[in-house]
Amino acid sequence: MQTELHADNQSADDTSGQDVNTCPNCSALMPSTMRFCRSCGARLGEGVEEYTETVRFQNSPHTSRAGKSQTASAVPPLTSPTGIKDWGARARDMRGQAIRSATTGLNKWKLGRACRGVPRWMVWVFLPLFVISITSGLFSNSRLRVRNRSNSSSATAAASDSYLGSHYTTAQGGAFIEDITPPGSAADKAGLVGGDVITLFDGKPIKSESDLNNLLSQTPVGKTVDVVFTRDGETKTTRVTTISENENDRLEEAFNDGPKGLLGVDDNFKRVQVPGTNIYGVLLKDVTKNRPAYIAGLRDGDIVIEFGGIPIRTTGELNMRIDRAQPDSTVKVVVMRGSERLEIPVKMGEE
């Protein structure tokens, strides 16, 4: 107690004879010329010397009412206007250094410095999740690229398949054509018709439907090849220029959307061999009265062997030729009635 009283008396003696100010923070007596308290560093007033902005730092030491520093690393109080200027410059340097350190830490992935103030366990939790999300994105993109390449390859392979434009099956030692559809297809332009049996395609033998399909899948679209086939027991040759699946579908769609002809006979046809010949035709069973076929003179039991100049050897081909006939057009129908061969013009109706 005596020591403190002695210090107070000494401080009072030091300030006697001059103007003094009382520190509003620690109540210490300071000369009026001082701008900061010697004991606690509190601001005492403003002056012309103070042109530097005061900077307070988050980690700077705080002083208590008693004037004692709360941290061991207290900054010594400044005692002159020159010290005030030095302190402002030092503050700017420290702030710039802190920004540079943080930037350098981020660039070098120094998480300890860049994430100062963040609990360390959060870093170790979110870092693996971040790595997993990056790798998952890379793998998903890789799978997407592989899938796209696969789809592209499949589309290219599908586009490279050639089409004839006909329905065929395995029969009579080759690929037996049931009908030619749609109009304008490769087989139609080559003159093939239902009942023809393809035995050679581009110089390669055809024994079944699968043989023809395999060769078509290996043939480039638009290639012209020689096709050997049999019709009515005779071997014939034609040239076929293949088309793509898309083109064949387009032709079929246009045909389905167009008008259809009407003959006026039930389609319960039967494929039969014409007596006394080696050719086949289609037997009519039900010719409807007051329809184009009946009005023109066709009757039950007639065997159709030609329709509009096209040989008729299968029921599928006759149905297709009836559909392809334009309504109100006149079509010559050749039939065998017993041993008699008749040519009957028929004005087609519309389905």
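Helices (H or I, at least four residues) and strands (E, at least two) are DSSP runs here, numbered from the N terminus.

A word on ground rules. This is a predicted model, so local features need pLDDT of at least 70 and side-chain atom pairs count only at pLDDT 80 or more, while totals for chains, interfaces and linings use all residues. Residues are numbered from 1 along each chain as its sequence is written, and side-chain values use heavy atoms, with hydrogens and water left out.

**The chain overall**

The protein chain has nine helices and 18 strands. Of its 351 residues, 30% are buried, where buried means under 20% relative accessible area, exposed means over 50%, and partly exposed is in between (1.4 Å probe, protein chains only). Take contacts, meaning heavy atoms within 4.5 Å: among those between residues at least 6 apart in sequence, 49% join residues at least 24 apart.

How confident is the predictor? On pLDDT, its confidence in each residue from 0 to 100, the protein chain averages 76, and 63% of the residues score at least 70. Over residues 62-85 pLDDT stays under 50, and the model has 37 contacts beyond four places in sequence for them. Residues 138-159 also stay under 50, with three such contacts.

**Around threonine 314**

Threonine 314 is buried, at a relative accessible area of 5%. Its side chain reaches the backbone oxygen of glutamate 178 at 2.6 Å. Leaving aside neighbours within four places in sequence, threonine 314 touches several residues, including Phe176, Ile177, Arg271 and Val282.

**Salt bridges**

Side chains of opposite charge can pair when their charged atoms come close. The cut-off used for a salt bridge is a side-chain nitrogen of Lys or Arg within 4 Å of a carboxyl oxygen of Asp or Glu. A search of the whole structure finds 12 of them, including these:

| Pair | N to O distance |
|---|---|
| Aspartate 188 and arginine 321 | 3.9 Å |
| Arginine 324 and aspartate 188 | 3.0 Å |
| Lysine 223 and aspartate 202 | 3.2 Å |

Arginine 324 lies in helix H9 and aspartate 188 in helix H5, so this pair ties together parts 136 residues apart in sequence. Arginine 321, at 9% relative accessibility, counts as buried. Asp188, Glu317, Arg321 and Arg324 are linked in a network of salt bridges.

What about lysine 223 and aspartate 202? Lysine 223 is in the loop between helix H6 (209-218) and strand S8 (224-231), and aspartate 202 is in the loop between strand S6 (197-201) and strand S7 (204-205), so their bridge ties together parts 21 residues apart in sequence. Lysine 223 is partly exposed at 34% relative accessibility, and aspartate 202 is partly exposed too, at 28%.

Aspartate 179 lies in strand S5 (residues 174-180).

Notes:
A polar contact is a pair of N or O atoms within 3.5 Å; within protein, one must be able to donate a hydrogen and the other to accept it, and residues adjacent in sequence count only if both atoms are side-chain atoms. pLDDT is the predictor's confidence in each residue, from 0 to 100.
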